[in-house]
Amino acid sequence: MPRSGKLVRISLVAAAAAAVAVVAVMAAGTASAKTTSSSVSGAGSTFVAPLVTAWMGPAKSALGITLSYNPVGSGGGVSAITNKQVDFGASDAPLSQFSPTCTTCVQVPWALAATAVIYNLQGLQFLHMTGSVLGKIYLGKITKWNASAIKKLNPGRSLPNKSITVVHRSDSSGTTFNFTDYLSHVSSSWKSKVGSGTAVNWPTGEGEGHSSGVAGAVRSTPGAIGYVDVDYAVVNHLGYFKMKNRAGNFVVPKLKGILAAAQLDTHPKKDGSLSIVNPPKSRKYRNAYPISTYTYIDVQKTSSNAGALKKLIGWAITKGDSKYGPKLFFAPLPKAVVKFDKKQLKKIHS
Amino acid sequence: MSSLDVTTDAARRPFPGRRARLGDLVLQGSAGIAALGALVLVGLIAWKVVQGARLSISTFGLGFVTHVGWDPVHLKFGAGSFLFGTAVTSIAALILATPIALGIALFLSELAPRGLRGPITALVETLAAIPSVVIGLWGLIVLAPILRDHVDPALHSALGFIPLFGPPGSYGSNVFTAIVVLTIMILPIIASISRELFLSVPSELKEGALGLGTTRWEMVRGVAFPYARGGVAAAMILGFGRAIGEAIAVGLTIGSATAINANLFKPGSTLAAMIANNYQGASSGLELSSLIYLALILLVFSILVNLLAQWIVRRAARRQGLMAR
Amino acid sequence: MRTGDLSVLQRPNDRLRRRRVANRGMELLAWLAAAVAVFFLGVVVWSVAQRGASQLSFDFLTKPQQASGGFGPLNVKQGLANAFAGSFVIVGLATAMALPFGILIAIYVNEFASRLVRSAVGLTLDVLNGVPAIVIGFFVFGLIVVAHGQSAYAGAFALAVIMLPLVARSTIEVLALVPDSLREAALAVGAPRWRTTLGIVLPQTIGGVLTGATLAVARVAGETAPLLFTSSLVATGTHWNPSQALQTVPVAIFELSDSADPADHARAWAAALVLILFILFASLGARWLATRSRRKIARAAG
């Protein structure tokens, strides 16, 4: 007969109890099923995350939809929707920027905002900056805050003799695409040396993950410079530059500047993408903020959750943007874009 | 014929009941499948990694290993900067951790008063048990600012003539911070293995030396160290293996830059940290495959390091077996 | 002091003094080394405890994360219950996967295998133990997640792969400790192999097996890298369903540490505190089990 020690008996009872617990948990779990028709899960851009999070409450109360969102970065969002791991992906860079990309997806521009160039210099608010000087900083050519190029843009401001700590994204980011797209437009040396993309070969600086990582790094490092969606700058009380547009004015990344830039392109291409970076010199764009961008939601054409998705996106591009956007510095979409979006939504079915 | 022969005979011929035979077969069969499963698992891991890296291997070949730079726009990738980062951080952490770990091991095996031995051993093992994400969090939020504001500038002004300790800049997350974090992580591994090795030195050898009039340090240097030398080397290599594979703690504190710098106070990256930070949103199939190529390089190194440690242990055990005779 | 006749005695005294000083010096360094270890452990644990304690509350343990994002006053996050639930499910499933597998491997190696097979399996286990967690994470990603999406099952499988060599190796060691006389006595009275192994040898080792299992659990409870690949895209709210991705404590800490919001950092510290306490508890439990089982086997052998 086996030596039935107390320990053996206790372990057998424990194992039985554990087995019962596991079965109970799994039963309870499967009862609350994975994605019911009233819950929608997404992943992607940290740029649009403040807005999507603001939508969670109203989506539940007004639409009955439980919205979940994982801000893993635009690249993560596109790969997640390509592999059908979520109901939707969110990205600030158009699908054409990624490869592999989701060839069976519908791309819908669903929000509109700006990338603020943030910096940490105590007491110096709203410094002036131009694209070409910014390019030189990120190329590592200008390394001190009191360099003559920066001083020339900001006469009368006392710039410290501090070195510039360059911060950029380390992950695949739509915000990076917007930022490097702008730099490629305004700096030919940036365009030839580095180019634009959701991740690039940064000549200098340290990399942080997600917009929150960049904001955090700039916030905790005096003399740092970075780029994030403007809402992150405001809620973290970070200074941001007034960027010079081609008309010669220094503009803040707020609604007026975004809407002025959005006039540049109101008719999305066939795949749904738009480009409103660095608008030209004419009077129409004198108040435009040059680093504005649309951000997209990507949905599989054939989705098991098509009904809830269409409901959610239809609400987002109208009420969602206009009611909850402005507080977070997201501009309401131009009517032509909303019209295009509604047509895109028809392509989604279950 | 002794009783022993009868029992071993019975062991070889199972009890001739059909139920017993079936039970034996089932047990041996399922256990054998499990053991085979382990072999299959290792093979599968290797295969999956090679398969994923195939695109990058066929595009870049072995030149990938030395190419420095990671350019997703122009689609040129290389492991050079990450291999450099992994080597620098792991070797530096090993150099810093080993003397401290040996000191701890000696303290716990020879010097500590009886009452302190238990608690401090428990302390060292608790340090080993702290998850890497917690040490990474601590390194990022507590350690990095202290190093940036106080230690880095002090080291630069004292040792600035060595290019390793160049001008600090204002980066808190840099190679030096990652080195300190790794040192803390591998310290307890080397310490606890070495401690057990020093405890296993036969007391006759130790007491013999002391009886001849050596001081304790001379006994350690002349008797305990040589006896435990193989095991200590293996412990160091195991610590090294842990350091090269550490993704999370290093990823949080090293600053994610792909340039190669002699200056320790600049941000850098390692194989494991690069994979962890970038796999999720690789913007191209080639970039994803290149990240997996990095994983393949890491896997090969980890296995080699591990096998090296095992071989050293086996060689030392054989030598000790001879010595004991 | 008269010089001449004492000069013979002075030389050995000088050397002896130098040796004693060297000895003293090394002893001090050893004390210093121990102090360094105590210092670092103390600093880390103190940081975690001090910064995390303020966030620790009943709400923290029972209410789920309200929203992910980590910025500004819009976030009303109070708790981390979804991470605790998910960690419980994933680590539990991993143990259920790894434990029987590891015990069977140990039984085969100890009771049935030839020397060649024994060293082959031993080598395999050592290699498996040396694979970095991030490579295992990527492996499970390629094997399961690409085809079927993320899930707690995938995460548990990744953790089980990490646990397997730990459980197998510790079970092998404990099985080897059981004296052969026990096995031969059973065989002599006619018990079949399987009955001997499962009914007599294995129960002797339960303590050691549990020790190994507990240590393996303590090890994987804090693993982050494999879960990033397999269980990171999670739905809001507390879920227990293993067929979807579940939030876990180490991944939550990793994500919260990324944020710019100090409130998020505080929550990360609190989660780290709970994690450390759990691991400490498990390690101490494992050590208590180990001493108990060692005493028991010694009694059986004697």
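Let's start with chain A. Its domain assignment gives two domains: domain 1 covers 3-112 plus 295-345, and domain 2 covers 115-285. Keep in mind that this is a predicted model.

How do the two domains of chain A meet? Domain 1 of chain A puts 31 residues into the contact, and domain 2 of chain A puts in 28. Look at the domain 1 side. Four elements of chain A each supply at least two residues there: helix H3 (74-82), strand S4 (105-119), strand S12 (292-300) and helix H12 (335-345). By class, that side of domain 1 of chain A has 19 nonpolar residues, eleven polar and one charged.

Strands S5, S10 and S11 of chain A form an open sheet of three strands, in the order S5-S10-S11, with mixed pairing. Which strands stand at the edges? Strand S5 (128-129) and strand S11 (250-251) of chain A do. Each has a single partner strand, so one side of each is left without a neighbour in the sheet. Now the S5 end. S5(A) and strand S10 (residues 242-244) of chain A run parallel, joined by two bridges.

Next, chain B. The assignment again gives two domains: domain 1 is 16-59, and domain 2 is 63-323. Their C-alpha centres lie 33 Å apart. The contact between them takes eight residues from domain 1 of chain B and eleven from domain 2 of chain B. On the domain 1 side, five of the residues are nonpolar, three are polar and none is charged.

Chain B also touches chain C. Here 73 residues of chain B are in contact with 70 residues of chain C. Which element of chain B gives the most to that side? Helix H2 (residues 18-60) of chain B, with 20 residues. The chain B side divides into 52 nonpolar, 16 polar and five charged residues.

Last stop, chain C, and two helix pairs that share H8.

Pair one is helix H7 (residues 180-188) with helix H8 (residues 193-221), both of chain C. Their axes come within 10 Å and cross at roughly 135 degrees. H7(C) and H8(C) are therefore oblique to each other. The crossing of H7(C) past H8(C) is right-handed. Who touches whom? From H7(C) come C:Leu182, C:Arg183, C:Ala186 and C:Leu187, and they meet C:Thr196, C:Ile200 and C:Val201 of H8(C). In this contact, five residues are nonpolar, one is polar and one is charged.

Pair two is helix H3 (residues 81-112) of chain C with H8(C). Their axes also come within 10 Å, crossing at roughly 140 degrees. Why oblique, and not roughly antiparallel? That second label needs an angle over 145 degrees, so H3(C) counts as oblique to H8(C). H3(C) passes H8(C) in a right-handed crossing. The H3(C) side includes C:Ser87, C:Val91, C:Ala94, C:Ile107 and C:Glu111. Among their counterparts in H8(C) are C:Thr197, C:Val209, C:Ala213 and C:Ala221. The contact of H3(C) with H8(C) divides into twelve nonpolar residues, three polar and one charged.

That's the tour. Any questions, bring them up on the structure.

Notes:
Residues are numbered from 1 along each chain as its sequence is written. Chains are lettered from A and ligands numbered from 1 in the order in which they are written. This is a predicted model: local features need pLDDT of at least 70, side-chain atom pairs count only at pLDDT 80 or more; totals for chains, interfaces and linings use all residues. Domain bounds come from an automatic or database domain assignment. Two residues are in contact if their C-beta atoms, placed from the backbone, lie within 7 Å. Ala, Val, Leu, Ile, Met, Phe, Trp, Tyr, Cys and Pro count as nonpolar, Asp, Glu, Lys and Arg as charged, and the others, Gly among them, as polar. Two strands pair if DSSP finds at least two bridges between them. Axes are lines fitted to C-alpha atoms, for helices over the stretch in contact, and angles run from 0 to 180 degrees between N-to-C directions. Angles under 35 degrees count as roughly parallel, over 145 as roughly antiparallel, 65 to 115 as roughly perpendicular and the rest as oblique. A crossing is left-handed if the near helix is turned anticlockwise from the far one by less than a right angle, and right-handed if clockwise.
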